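Me: I would like to learn how to read a model like this one. Could we go through it feature by feature?

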Amino acid sequence: MSTTSTTKNNHFQDHLMEEHHKETFVSKYIFSLDHKMIGKQFLITGMIMGIIGVMMSMLFRLELAYPEQSFPILEFFLGKWAPDGVMDPNIYLALVTIHGTIMVFFVLTAGLSGTFSNLLIPLQIGARDMASGFMNALSYWFFFVSSVIMVASLFVEAGPAAAGWTVYPPLSALPQAMPGSGMGMTLWLISMTLFIVSSLLGSLNYIVTVMNMRTKGMTMTRLPLTIWAFLTTAVLGVLSFPVLLSAALLLMFDRMLGTSFYLSDIFIGGEVLSYSGGSPVLYQHLFWFLGHPEVYIILLPALGISSEVIATNSRKPIFGYRAMVGSILAIAFLSFIVWGHHMFITGMNPFLGSVFTFTTLLIAIPSAVKAFNYITTLWKGNIQFTPAMLFSIGLVSTFVTGGLTGVILGDSALDINVHDTYFVVAHFHIVMGLSAIFGMYAGVYHWFPKMYGRMMNKSMGYAHFWLTFITAYGVFFPMHFLGMAGLPRRYYSNTAFPMFDNLADINILITYFAIIGGSAQLIFIFNFFYSIWRGPKATQNPWRANSLEWTTPVEHVHGNWPGDVPVVHRWAYDYSKPGAEEDFVPQNVPLAEGEESGH
Amino acid sequence: MSTISIIVLLVLVVLTIVQVMRISEISSEIQKGKDNEVTEKDNNTQGTLMLIVGFGFVISVIVMYIVWGRLSLPESASVHGSEIDSLWNLSMLIINIVFFIVQPILFYFAFKYRGKKGTKAVYYEHNNKLELFWTVVPALALAVLIIWGLNVWSTLMMPENEEEPILVEVYAQQFNWTVRYSGGDNVLGYATVHEIAGGNILGVDMKDPASIDDIIAKELHLPVGQPIKFLFRSQDVIHSAYFPHFRAQMNCVPGAITQFQFTPSITTAEIRQNKDVKDHVEEVNEIRKAKGEDVWDFNYILLCNKICGAAHYNMQMDIIVETEDEFNAWLKEQKTVAETL
């Protein structure tokens, strides 16, 4: 067996030597089949989408702080949709909708999973590349086209989709209901369809690669937690995204072919429409069957990344490896049977509400285990505060803060009065948005040397973290209080209700934090692009980490290792092991005589 | 003017970037790339910042509770609402205890165990007892919340009525609310979008004898102390009927009739005497006075809480809770459907 694999490797190397000279700019940087390059493509595209998404949020935050007031900057960006600098209510809804869509799908799903699953899966399991390099490239290009269409929808005559990122019909189905439900919505659906194809191609590839292409000695229980997280995420994606695809297709049928899956008994624009017998609640079931696992598709990779970063920089094994794997799996399983907690007040059978309350609150248990295990990993560590470590600790903080309010929202009786208020906005931005984005930043800072062979600037990283961490809480924590005052989300302005007049100051405060926090991301963007070309050259293993990616050379080669793929002898967390000389023992170092294998 | 300032700003930004690049280039030249290694000094600074900012965050949360706690909705004006409020308070108590224990520990550990040269971390990979402990404790706390929560939920969703509830239809359309009372027979006449024509905005079917005494109004009047069963309809998109002061909310779904029942427990006149409400009104009126707007008096309101289009932010209706006599007197003044159509 070992002979055959060595021969295979030799063949591979010969093959590489021949191929190496034929690489052109296009095959290397554009239509690349190399997982490392595809990972970078996902990251850069995700970052561009992220810039658009964050800029949108700053525009609508401006509107929320100073409702119906004139700002030249709004007219500059929105043109005819902000006549005389005053934002139109329809475009406010469009901004909120596209902000949500872009951040949830394009940045935190494709940008996060696409980047790090691609980069790390082959490197950390000891594989030459993904199972199918072509499928992998295809996955990126579907994502790219999908991004282009989503951005293009911003320039449609009547404006982009505006029915909220969940695009509930009938609002999203009927152009009579709002201008955004015309061409903008059609493009939204086409873009999302392509996105789902991209996600499926990627996920299938990740699963196959992890299951089949691990190097010798890399048993499932020796996998770094990043890989466990990416694998579980991919399984979630494969099982849930097709359901969103069917929801989107049925919505297209209702919009274009006159079917009535979601529509019934509608009187709008002075006439009764011919739809009959459908149910808008059906759409919500289909949507949230993806929508809730989606939360964990976003969150799990971030948790995986932070597990790796926290262990490496605490110079300690991750505490409770098996419990961490178990809680990832438990969260993934539960995520499929909780979708109804988004629908407690849709008129769904109250008994179902009870079931979903029960399953939803159960998620708090594995989540608590994860949080406590992170904290115990810090305990008696020798913490090295790299920017990645700061963001990982930030993630633990936001995961706890945001997770706790989930205990309230998951309880059907309590949800009644805060459903769709700013309390919800605070909850999911903190637990899902901030945690995932912090995990993503941690990943970029940590693996930047692996991606570009150079180091990012540390001081700018520190400044970026502190500004982001403080302003992020400054933006989202006060929103709990708005929600408890009964303020609904997706309101263009609160001036129609004198009851909310005393919340205006909080809204202004939040907007200031949002503008500072959003601008602080420029530090990151500058640091990122500057370091690609001008950053100091990285050493092979700058963080003194154990996992296999740090055994590859700094300069990328096809097939990752110039010689044989390393063989794995231990788990990824032998940090500060008693008896070892250094405070880390890479996975490919054989057990010393008499050494007990960890965990 | 604004174009010029934007151009100037852009030029300044570019200049700044160029300068920063030069500085960092020179400094990285001097340090030969070593400036990116985390030093003991960095660990000290960042660890201390963790402690200061982390505890600053925890303290600022306390400050927010003190300063903004008053913004929360006043006491519940419905019978079931006070149960929700008790459950809310218990849940808030539990999550705040966890918050105020876990967050300080996290930031304190980050500070305490900041890296020092020459020290080695403790190799501590797992402890089953400890992990079992923090699996079981949350499980127990959640068991309490789940059992109580489900109890409240089921009494709320499946109320046992001693007296027959008053039926009220709440009808939603872009972007306003209409209500229909069932009249003397306490039966709402059949209605469908196919009957909408002219003044018959709710599509009430006049062939149904139960329709004749129905009453349509643009203001929701409710008698205190009587169970009210709301039936919700929408004619176009999904709306959500949100009664924040009564701890009640239900979506209005086109093609279906949804329902929610509650018993108002405090009249509008009474709640206006509530101290929290009085403070709230006073605060709001000071703000309104400064802006030159009308004086506001507290009213219960019904809001739309599901995105429904351009004027979603202004889809509302006043609710007046009054004594039974006042309610009956008001109802008598209203014209029936038969009279208006």
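**Reading strands, domains and contacts**

Reply: Start with one residue pair. This is a predicted model. His239(B) has Cys252(B) as its bridge partner in E7(B).

Me: How many bridges join E6(B) to E7(B), and do the strands run parallel or antiparallel?

Reply: Five bridges join them, and the two strands run antiparallel. Their hairpin has four residues between the strands. There, Arg247(B) takes a positive phi near 55°.

Me: Is E7(B) enclosed or open?

Reply: Count neighbours. A residue is buried if 20 or more other C-beta atoms lie within 10 Å of its own. Five of the five residues of E7(B) are buried, so the strand is largely enclosed by the rest of the structure.

Me: Which residues point which way from E7(B)?

Reply: Ala248(B), Met250(B) and Cys252(B) point one way. Gln249(B) and Asn251(B) point the other way. All are buried.

Me: What is the strand order in the open sheet of five strands?

Reply: In chain B the order is E3-E2-E1-E5-E8, with mixed pairing. The edge strands are E3 (215-217) and E8 (258-262) of chain B, and each pairs on one side only. From one strand to the next, the twist averages 25°.

Me: Which way do E1 and E2 of chain B run, and how many bridges join them?

Reply: E1 (residues 166-173) and E2 (residues 176-181) of chain B run antiparallel, joined by six bridges. One pair to look at: Val170(B) has Val179(B) as its bridge partner in E2(B).

Me: Now domains. How is chain B divided?

Reply: Domain 1 of chain B covers 41-67 + 74-114 + 125-158, and domain 2 covers 166-340. Over C-alpha atoms, 37 Å separate the two centres. Nine residues from domain 1 of chain B and 15 residues from domain 2 of chain B make the contact. On the domain 1 side, four residues are nonpolar, four polar and one charged.

Me: How should I think about an interface between chains?

Reply: Interface size is often given as the accessible area lost when the parts come together. Here, count residues instead. In chain B, 105 residues are in contact with 110 residues of chain A.

Me: Which elements of chain B give two or more residues to that side?

Reply: Among them are helices H1 (2-31), H2 (40-68) and H3 (79-112), and strands E6 (239-243) and E7 (248-252) of chain B. H4(B) gives the largest share, 15 residues. By class, the side of chain B that touches chain A divides into 61 nonpolar, 31 polar and 13 charged residues.

Notes. Residues are numbered from 1 along each chain as its sequence is written. Chains are lettered from A and ligands numbered from 1 in the order in which they are written. This is a predicted model: local features need pLDDT of at least 70, side-chain atom pairs count only at pLDDT 80 or more; totals for chains, interfaces and linings use all residues. Two strands pair if DSSP finds at least two bridges between them. Axes are lines fitted to C-alpha atoms, for helices over the stretch in contact, and angles run from 0 to 180 degrees between N-to-C directions. Domain bounds come from an automatic or database domain assignment. Two residues are in contact if their C-beta atoms, placed from the backbone, lie within 7 Å. Ala, Val, Leu, Ile, Met, Phe, Trp, Tyr, Cys and Pro count as nonpolar, Asp, Glu, Lys and Arg as charged, and the others, Gly among them, as polar. A residue is buried if 20 or more other C-beta atoms lie within 10 Å of its own, exposed if 12 or fewer, and partly exposed in between; C-beta atoms are placed from the backbone.
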